[in-house]
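These are my notebook entries on one protein model. I record what I looked up, entry by entry, with the criteria I applied.

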Amino acid sequence: DSLDLYLHPSKHEGLPRAVIEAMSRACPVLASTIAGTPELLPAKYLHEPGDYKKLAGQIKDTLNNKELLCAMALENFNHSKAYTYTEIKSKKSNFWKKYKDNVIVKK
């Protein structure tokens, strides 16, 4: 809760729970474009894995702009609501219902 900015410059990832956790705490996040991360954050807050120069520029630009930090925090908090236990459970249930209704052949 006391972070000004969460950095996630990962080179290997699935859907990063740590990023979702930071977002749910209204923390601004900068991350790499690896795997599912672009699903979570706008492209302007992402960098290619290993592109430390872009990340350094993003850090500098972000920390020097309080309005941007606040906007990122609000955007992240709102977007993180799509990843609550209840939302994920609902999405999984809907997926399996569609699967059952459309894929499994009834006898």
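**Entry 1**

I looked up W96 and Y99 and found them three residues apart in helix α5 (residues 85-102), so they are separated by about one helical turn. Helices here are DSSP runs of H or I with at least four residues, strands are runs of E with at least two, and both are numbered from the N terminus. The model is a predicted one, in which local features need pLDDT of at least 70, side-chain atom pairs count only at pLDDT 80 or more, and totals for chains, interfaces and linings use all residues. Residues are numbered from 1 along each chain as its sequence is written, and side-chain values use heavy atoms, with hydrogens and water left out.

How many aromatic pairs does the structure hold? I found two. I counted rings of Phe, Tyr and Trp (its six-membered ring) as paired if their centres lie within 6.5 Å; planes under 30 degrees apart are stacked, over 60 edge-to-face, and the rest tilted. The ring centres of F95 and W96 are 4.9 Å apart and the planes stand at 80 degrees, so this pair is edge-to-face. For W96 and Y99 the centres are 5.4 Å apart and the planes at 85 degrees, so that pair is edge-to-face. I noted F95, W96 and Y99 as one aromatic cluster.

I then checked accessibility, with buried meaning under 20% relative accessible area, exposed over 50%, and partly exposed in between (1.4 Å probe, protein chains only). F95 is partly exposed because its relative accessibility is 48%. Y99 is partly exposed because its value is 34%.

**Entry 2. The sheet**

I traced an open sheet of three strands in the order β1-β2-β3, with parallel pairing. Strands pair if DSSP finds at least two bridges between them. β1 and β3 (46-47) stand at the edges with a single partner strand each, so one side of each has no neighbour in the sheet. β2 and β3 run parallel and are joined by two bridges. I looked up S32 and found that its bridge partner in β3 is H47.

**Entry 3. Nonpolar cores**

I defined a nonpolar core as a set of buried Ala, Val, Leu, Ile, Met, Phe, Trp, Tyr and Cys residues joined through side-chain atoms within 4.5 Å. The largest has twelve residues, among them Y6, V19, M23, C27, V29, L46 and Y83. At least two residues of this core come from each of α1 and β2 (29-32). α1 gives the most, with four residues. A second, separate core has five residues, including L5, L30, Y45 and L55.

**Entry 4. Y83 and E39**

What does Y83 touch, not counting residues up to four places away in sequence? With contact taken as heavy atoms within 4.5 Å, I listed L15, I20, E39, L40 and I88.

E39 lies in helix α2 (residues 37-40). I recorded E39 as partly exposed because its relative accessibility is 49%. Leaving aside neighbours within four places in sequence, E39 is in contact with L15, H79 and Y83. E39 and L15 are 24 residues apart along the chain, and their C-alpha atoms are separated by 8.4 Å.

**Entry 5. S10**

I placed S10 in the loop between β1 (6-8) and α1 (17-24). S10 counts as buried because its relative accessible area is 13%. The side chains of S10 and E13 are joined by a polar contact of 2.9 Å. I used the criterion of a pair of N or O atoms within 3.5 Å; within protein, one must be able to donate a hydrogen and the other to accept it, and residues adjacent in sequence count only if both atoms are side-chain atoms. Apart from neighbours within four places in sequence, S10 is in contact with S32, I34 and P49.

**Entry 6. Cysteines**

I searched for disulfides, that is, pairs of cysteine sulfur atoms within 2.5 Å, and the count is zero. C27 is buried because its relative accessibility is 6%, whereas C70 is exposed at 55%.

**Entry 7. Positive phi**

I noted that A26, although not a glycine, has a positive phi of about 60 degrees. A26 sits in the loop between α1 and β2 and is partly exposed at 33% relative accessible area. A35, not a glycine, has a positive phi of about 50 degrees, and I located A35 in the loop between β2 and α2.
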